[in-house]
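Please look over the sequence and the structure before reading on.

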Amino acid sequence: MTNNKCPHCGGAYAGLICDYCGALVGKTDTVEQQRRALDELHRLIVNSPWEKQLLLIKSGYLPDDANLLIDAGLKCISLINDAEVRSGRSDAAQGRLEAVITKLQLRPRDQETSKALQLFRERLDKSARAKAHDTRLGLGLFAVIFVTIIILVMYFSRK
Ligand SMILES: [Zn+2]
């Protein structure tokens with residue numbers, strides 16, 4: 001069954017999702033098939049090495065069904081970790097969550113969708129605040145080192 005080739009990347013696949021790039025390669029006519037594809041993608045993500053996880057998160061399949069989109073967003077939140085903002089994976093997961101929000105906004109708005117959209121936006125805001133805090137911390141540290149160097153240079157040049 002490995003002679004199937006992904007039309008996006010040429011990689012081999014056996015299920016509904018390309019094992020290499022995470023793109024949809026099977027048919028998802030029913031909600032049940034969409035759920036299987038989403039589960040397959042997330043199983044792939046957790047079982048992949050770091051670099052491949054990034055690719056899978058970035059180009060991974062997003063379902064059309066509203067409930068499954070919410071599910072995809074919730075799964076995505078579990079991949080966001082503000083403590084590792086520079087690792088790339090958290091950034092990739094935030095990008096995917098933004099894509100979920102964009103797609104979810106096109107759906108008819110019910111209470112569940114509105115609640116999920118609010119939750120997802122709050123999660124992204126929290127990451128943005130953590131990142132801004134990190135940047136301020138970094139700039140502060142840089143300023144302290146810079147001033148220390150100036151003081152040392154002045155001190156030694158007087159001798
Ligand atoms: Zn592929």
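The points below are grouped by topic.

The model is predicted: local features need pLDDT of at least 70, side-chain atom pairs count only at pLDDT 80 or more, and totals for chains, interfaces and linings use all residues. Residues are numbered from 1 along each chain as its sequence is written.

**Domains**
- The chain is assigned domain 1 (1-49) and domain 2 (62-157), with bounds from an automatic or database domain assignment.
- Their C-alpha centres are 27 Å apart.
- Six residues of domain 1 contact seven residues of domain 2, a contact being two C-beta atoms, placed from the backbone, within 7 Å.

**Helix α2**
- Helices here are DSSP runs (H or I, at least four residues), numbered from the N terminus.
- Gln53, Leu56 and Ile57 of α2 (residues 50-59) are buried, that is, 20 or more other C-beta atoms lie within 10 Å of their own, with C-beta atoms placed from the backbone.
- Down the axis of α2, the buried residues fall within an arc of 95°, so they line one face of the helix; the arc is that of the directions from the helix axis to the C-beta atoms.
- These buried residues pack against α1 (31-46) and α4 (89-105).

**Nonpolar core**
- A nonpolar core is a set of buried Ala, Val, Leu, Ile, Met, Phe, Trp, Tyr and Cys residues joined through C-beta atoms within 7 Å.
- The largest has 27 residues, of which Ile17, Leu41, Tyr61 and Val100 touch the most other members.
- Domain 1 and domain 2 both give residues to this core, so it lies between them.
- Leu41 touches Ile17, Gly22, Leu56, Gly60 and Tyr61, leaving aside residues up to four places away in sequence.

Definitions and conventions
Buried ≥ 20, exposed ≤ 12 C-beta atoms within 10 Å, placed from the backbone. Helix = DSSP H or I, 4+ residues; strand = E, 2+ residues; numbered from the N terminus.
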